[in-house]
Amino acid sequence: MKILFILMISLNLVACTDSKNNQTSIAQNTTDLNTDLIFLNNKEWDAKQTLDVYDSSSFEDTVLIQKLESKANQGHLGAKMVMLMVKQDQDMKTNKPVDLSINEYYDFALKGQPLAASYAASSIYEVDQDRDIKYIDEVIKVQITLMETAIKGGVIANFPFYISLLLLKEDESSKIDDDWVIDKKNVSKLSKQELQNIINMNKYLAKIGYEISPIYFMQMYYYGYGVKKDIVEACAWANNVDQGLINNELKILIKKIQSERLTSDEEIKCKVLIASYKIDLQNDYEDWLKNHSIVYKDEAQKILENQNIKF
């Protein structure tokens, strides 16, 4: 399995494929064709194009390596990134020490390479300290900027990361606890657009089965974080929370929400919403991560426009 898959686990970017040795000949021919077309394009590559080239690459393919070197020498960020990743693969195969090139990825990210931005955001604390990102708030600002670059460039797998950075000041993919409590102080510092992005991203994620979405929405509708307080919505989302994912504070909140007195009309509406949200949450989020979470830039732009997500 290629090293990028290992590197991206912390980001949940499991859309990366296995090595070409595990692909069918038809799939490989398609990838080669895509790679040829990508090389004819002189523009910088988006995240999916970068992965397409990487999935077709190896040190044994001297023709492709020459193409990559030529583009890299011209300053092409995507080609430089693929060259680094292929070198990492080669070192791994020959049992040499593997340089994860975090500083290089960070530099590529600051220049706008979306796949590099996605990885750099999650690995920010491993970047050399001489890059002036010493304080937590500064780090988070940098991470948010990198997330926006990554998402616009096709890494929509980073929706959950973006939300957790803004609401929790944490990377959700590396959380080791069950504390999903939204800090009111964090919310108060967010702009209207950031709050709207959180809401719209979370709606999108809920529809594809992201199990943390109800935890966020339950709190947002109950307390009025970025939305008008709505006990019916809070009730519907609370009843779809997997309580195995939350701490005692949130379990107490669920009991509090469920004990609220609703009118008969509100009770009916809540039951309808519970059923509706439950259907969406049964979708296979892991399958989406594997197959649909890294897309071409034009597809990412359509998703952002359709979901009214703006950076």
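User: At what angle do H6 and H7 pack, and how far apart are their axes?
Analyst: In this predicted model, helix H6 (residues 102-110) packs against H7 at about 125°, with the axes 8 Å apart. Axes are lines fitted to C-alpha atoms, for helices over the stretch in contact, and angles run from 0 to 180 degrees between N-to-C directions. Helices are DSSP runs (H or I, at least four residues), numbered from the N terminus.

User: Parallel or oblique?
Analyst: That angle makes H6 oblique to H7. Under 35 degrees counts as roughly parallel, over 145 as roughly antiparallel, 65 to 115 as roughly perpendicular, and the rest as oblique.

User: Which residues make the contact?
Analyst: From H6, Ile102, Tyr105, Tyr106, Phe108 and Ala109; from H7, Ala116, Ala117, Tyr119 and Ala120. Contact means heavy atoms within 4.5 Å.

User: Is H7 mostly covered or exposed?
Analyst: H7 (residues 114-122) is mostly covered, with nine of its nine residues buried. Buried means under 20% relative accessible area (1.4 Å probe, protein chains only). Pro114, Leu115 and Tyr119 are among them.

User: What sits at the start of H7?
Analyst: A side-chain oxygen of Gln113 comes to within 3.0 Å of the backbone nitrogen of Leu115.

User: New topic. What pLDDT does the chain average?
Analyst: The average is 86, and 85% of the residues score at least 70. pLDDT is the predictor's confidence in each residue, from 0 to 100.

User: Where does pLDDT stay under 50?
Analyst: Over residues 1-7, which have 24 contacts beyond four places in sequence. Residues 9-31 are also below 50.

Technical notes
Residues numbered from 1 in each chain as written. Predicted model: local features only at pLDDT ≥ 70, side-chain atom pairs only at ≥ 80, totals over all residues. Heavy atoms only, no water. Buried < 20%, exposed > 50% of the residue type's maximum accessible area, 1.4 Å probe, protein only. Helix = DSSP H or I, 4+ residues; strand = E, 2+ residues; numbered from the N terminus. Polar contact = N/O pair within 3.5 Å; in protein donor to acceptor, adjacent residues only side chain to side chain.
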